[in-house]
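Thanks for coming, everyone. Please have a look at the model on the screen, and then we will walk through it together.

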Amino acid sequence: MVEIQTTSPTDAFKTSTPEYDYWSAAHSLAAEQLEFAVRSMILLTVFTGEHGSGKSTVLRKVLADTQHDLLVGLLAHDTMLYANPAGAILKALGAEVDPAQSPAVLENVLRQSLSDARSVQGLATIIVDDAHRLSIDVLSKLFRLAGLHSGEAAALFKVVLVGQPDLCDRLSKDIYDLIGPAIELELMSEADTAGYIMHRLKTAHSDDISFTKEALQVAYDKTGGRPSLINLLCKSALITAKTLGLDHIDAELVGNRRTPYAEKRSLQPDRTAQLKVTSKTAPQPAEAPVFKNTGPDHSEGAKRSSKPSKQLHSVN
């Protein structure tokens with residue numbers, strides 16, 4: 001006997017597995033632009049969006065579509081980035097890092113490792129999530145390590161800063177002038193908001209309850225097309241509808257819901273490629289790294305062209 005797993009309608013708005021992702025026009029464009037930036041030789045890219053707009057969803061897709069053939073690491077906001085940025089970068093790229101090694105040793109290992117890996121995988125890319133939370137001092141150390149002022153030929157790695165819209169305002173003028181594309185994730189349109197709600201209900205197999213057309217319009221008006229707020233609003237509406245025994249949700253029910261901010265989902269990408277280095281007890285000489293893929297990637301992302309169909313927006 002095969003046991004069929006059932007889901008509650010409210011699961012549609014609290015589940016974060018990939019099949020629940022809805023690719024609106026705004027999210028598709030941002031993912032396309034960001035992947036192009038990662039695959040290009042642009043040294044500094046800024047990717048911004050409002051809290052809860054879906055930046056993590058875009059990042060997960062870009063990481064999944066690029067890590068099979070490029071050296072791309074994701075830096076989260078943690079204490080290691082403050083105390084030992086070179087160690088944090090090595091760790092983000094999949095290398096085993098000995099916490100007992102000094103920052104000077106790890107910086108030396110990072111420089112040699114990435115220099116050698118460049119001939120195989122090209123210039124590495126470091127994506128810094130929640131960059132708006134980092135201090136100017138930490139960002140300056142990161143840019144110094146990357147060699148952004150040295151030009152494409154001498155740079156050690158590329159940088160993609162991800163954060164909220166005020167991120168660019170926190171950068172110094174000499175760094176601001178280095179920004180290539182500034183990619184902004186816009187909130188979803190009214191049509192995509194309706195599509196998002198219906199897609200998630202369908203994915204959760206919630207065919208016994210629906211939102212009226214007017215309810216979908218109110219959902220957009222109350223959330224502005226922000227996915228995190230839509231999730232909270234719809235989950236609350238579904239709980240109320242279930243309590244009242246309703247099979248549809250109307251505009252009045254949605255209009256009475258509150259829309260507080262949701263917490264950000266954790267971003268833990270699956271990598272297939274890692275930068276492997278041997279730890280050293282002294283800054284010199286550092287052993288050359290071995291970079292290898294664990295196997296071929298047959299995903300749709302591996303077959304896609306890196307050429308964008310829409311022009312990136314540059315910062316004036």
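Let's start with Ala191, which sits in helix α8. Helices here are DSSP runs of H or I with at least four residues, strands are runs of E with at least two, and both are numbered from the N terminus. Before going on, a word on the source: this is a predicted model, where local features need pLDDT of at least 70, side-chain atom pairs count only at pLDDT 80 or more, and totals for chains, interfaces and linings use all residues. Residues are numbered from 1 along each chain as its sequence is written, and side-chain values use heavy atoms, with hydrogens and water left out.

Is Ala191 buried or exposed? Ala191 counts as exposed, because its relative accessibility is 60%. The cut-offs are these: buried means under 20% relative accessible area, exposed means over 50%, and partly exposed lies in between, with a 1.4 Å probe and protein chains only.

Lys202 counts as exposed, at 64% relative accessibility. From Lys202 to Tyr20 there are 182 residues in sequence and 9.3 Å in space, C-alpha to C-alpha.

Now the packing. Which residues of α8 and α9 make their contact? Glu190, Thr193, Ala194, Ile197 and Met198 come from α8, and Leu216, Gln217, Ala219 and Tyr220 come from α9. Contact means heavy atoms within 4.5 Å. By class, the residues of this contact are six nonpolar, two polar and one charged. For those classes, Ala, Val, Leu, Ile, Met, Phe, Trp, Tyr, Cys and Pro count as nonpolar, Asp, Glu, Lys and Arg as charged, and the others, Gly among them, as polar.

Now the geometry of that pair. Helix α8 covers residues 190-203 and helix α9 covers residues 213-223; they pack at an angle of about 115 degrees, with axes 9 Å apart. That makes α8 roughly perpendicular to α9. Angles of 65 to 115 degrees count as roughly perpendicular, under 35 as roughly parallel, over 145 as roughly antiparallel, and the rest as oblique. Axes are lines fitted to C-alpha atoms, for helices over the stretch in contact, and angles run from 0 to 180 degrees between N-to-C directions. The crossing of α8 and α9 is right-handed. A crossing is right-handed if the near helix is turned clockwise from the far one by less than a right angle, and left-handed if anticlockwise.

Next, α9 and helix α10, residues 227-244. Their axes come within 9 Å and cross at roughly 130 degrees. The two are therefore oblique to each other. This crossing is right-handed too. On the α9 side, Ala219, Lys222 and Thr223 make the contact; on the α10 side, Leu229, Ile230 and Leu233. That gives four nonpolar residues, one polar and one charged.

Thr193, Tyr196, Ile197, Arg200 and Leu201 of α8 meet Pro227, Ile230, Asn231, Cys234 and Leu238 of α10. Seven of these residues are nonpolar, two polar and one charged.

**Cores and loops**

How many residues does the largest nonpolar core have? The count is 42, and Leu75, Val128 and Leu161 are among those with the most contacts inside it. A nonpolar core is a set of buried Ala, Val, Leu, Ile, Met, Phe, Trp, Tyr and Cys residues joined through side-chain atoms within 4.5 Å. Elements giving two or more residues to this core include β1 (44-49), α5 (103-121) and β4 (157-163). A second, separate core has 23 residues, including Ala219 and Leu233.

Two loop residues deserve a stop. Asp130 lies in the loop between β3 and α6. Its phi is near 55 degrees, a positive value in a residue other than glycine. Asp130 is buried, at 16% relative accessible area. His205 is in the loop between α8 and β6. His205 has a positive phi of about 60 degrees, although it is not a glycine. His205 counts as exposed, at 64% relative accessibility.

To close, the whole protein. It has 12 helices and nine strands. Of its 316 residues, 46% count as buried.
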